[in-house]
Amino acid sequence: MSGFFSERLNGLCPYVPGEQPKRGEYIKLNTNENPYYPSRYAADGIDGVFLRGLRLYSDPDCEELRGAIAEYYGVPSRCVMPTNGSDEALAFCFAAFGDRGAVFPDVTYGFYKVFAELFGVPYTELPLRADFTVDMDGYLNVGRAVVLANPNAQTGIYLSLDDIERIVASNADNVVIIDEAYIDFGGQSAVGLTRKYNNLVVVQTFSKSRSLAGARVGFAIADEELIADLQRIRFSFNPYNVNRVSAAVAVGAIRDRRYFAECIDKIKSTRARLVGELGRLGYAVLPSLANFVLAKSPKINGKKLYETLKASGILVRHFSDARINGFVRITVGTDEQTDALIKALEIAENTL
Ligand code: PMP
């Protein structure tokens, strides 16, 4: 540390992203990316004229992308705010709505804790039940902001829309942030509830279901006053947060409903096959509605399994947190990648 670093942030522990190998030598099942290419319409309109336009700043109102997202979800444009990845939308939520503190599960997306620390938001981690489901009692009438990933990160477990509504309704004096990074893989979005409740922010991303992790596009949908609050933070940080190239590819992707549905169908069917094969090998697998599964070998510990798979050219994610360190998190890839994974697991189970 330089000696110039902020004293207030002295204890800050940054988020550690999953490995991004510089060369493509791995079957990459570690960061929940989509194995399929983005929509071919994503690059529509990115020609010489478009590129010459890059000398100008992007539209600070991000009107076209906002309109495309609004149209997709049937909400007014003023209720949508595109961001530079959904991480940015989440960060803005912590900055805007964190004064009274926040609660989130003990096993969830690791960035919530980091944002809370960065923005000085006091937080409480509420333990998931032994089966990793959310204990609803902890989230009703909390008196603080609530942050929930649905399906939950690391577990893939989904909370029903009725449960989400109960949480939102019982916390009328605080903001409830529902992070739907993985909602398109089988869950029901809470976006519709933003028309009914003025304390709900739904955050989504183009990184997973729309194959655009590298473009860094996310968004928040909420009541217009909440969006105005978030815009206030955005315009105090980076009004040009979504660059012209990313906005254009995101518009192309969200308008291509047919390709989106095809990719989702393929991922769901591969997920079912992966879960079946893992079960056959005796693995414990949490019930996932996301594009990943958290799975535990009957005999190899999580870290060893991660290392063994890496040595055989397959990257999965291992977390050292006590409650899930026996597991590995496996992204649902293509059928071919899944075949290779299962073969590697069979070898590992028979030799270790
Ligand atoms: N929320 C959850 C639960 C995630 O797993 C991720 C991806 N790591 C994000 C948000 C952030 O995604 P992005 O910034 O790529 O939109």
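Hi everyone. Before we start, one definition: when I say two residues are in contact, I mean that they have heavy atoms within 4.5 Å of each other. Please also keep in mind that what you see here is a predicted model.

Let's begin with helix α5, which runs over residues 161–170. Which of its residues are buried? They are Leu161, Asp163, Ile164, Glu165, Ile167 and Val168. And what do these buried residues pack against? Their partners are three strands: β5 at 145–149, β6 at 176–179 and β7 at 200–205.

The largest one has 52 residues, and Leu65, Ile69, Leu200 and Phe206 are the ones with the most contacts inside it. Helix α5 and the strands β5, β6 and β7 each give two or more residues to this core, and so do α2 (63–73), β8 (218–222) and α7 (244–255). Of these elements, α7 gives the most, with six residues. The core also draws on both domains, taking at least three residues from each of domain 1 and domain 2.

Leaving aside residues up to four places away in sequence, Leu65 touches Pro82, Phe206, Val217, Val242, Ala247, Ala250 and Val251. There is also a second, separate core, with 31 residues, and among them are Phe185, Ala290, Leu309 and Ile314.

Now let's step back to the domains. The assignment gives domain 1 as 27–37 plus 258–350, and domain 2 as 40–256. Taken over C-alpha atoms, the centres of the two domains are separated by 26 Å. Where the domains meet, the contact takes 26 residues from domain 1 and 27 residues from domain 2.

Last, the ligand. How many residues are around the ligand, and which come nearest? There are 13 around it, and the nearest are Ser86, Asp179, Tyr182, Thr205 and Ser207.

For Ser86, a backbone N or O atom lies 2.7 Å from a ligand oxygen. For Asp179, an N or O atom of the side chain is 2.6 Å from a ligand nitrogen. For Tyr182, a side-chain N or O atom is 2.6 Å from an oxygen of the ligand. On its own the ligand has 400 Å² of accessible area, and the protein covers 91% of that.

Notes: Residues numbered from 1 in each chain as written. Predicted model: local features only at pLDDT ≥ 70, side-chain atom pairs only at ≥ 80, totals over all residues. Heavy atoms only, no water. Buried < 20%, exposed > 50% of the residue type's maximum accessible area, 1.4 Å probe, protein only. Helix = DSSP H or I, 4+ residues; strand = E, 2+ residues; numbered from the N terminus. Core = buried A, V, L, I, M, F, W, Y, C linked by side-chain atoms within 4.5 Å. Domains from an automatic or database assignment. Near = heavy atom within 4 Å. Polar contact = N/O pair within 3.5 Å; in protein donor to acceptor, adjacent residues only side chain to side chain. Areas by Shrake-Rupley, 256 points an atom, 1.4 Å probe, with all protein chains shown as cover.
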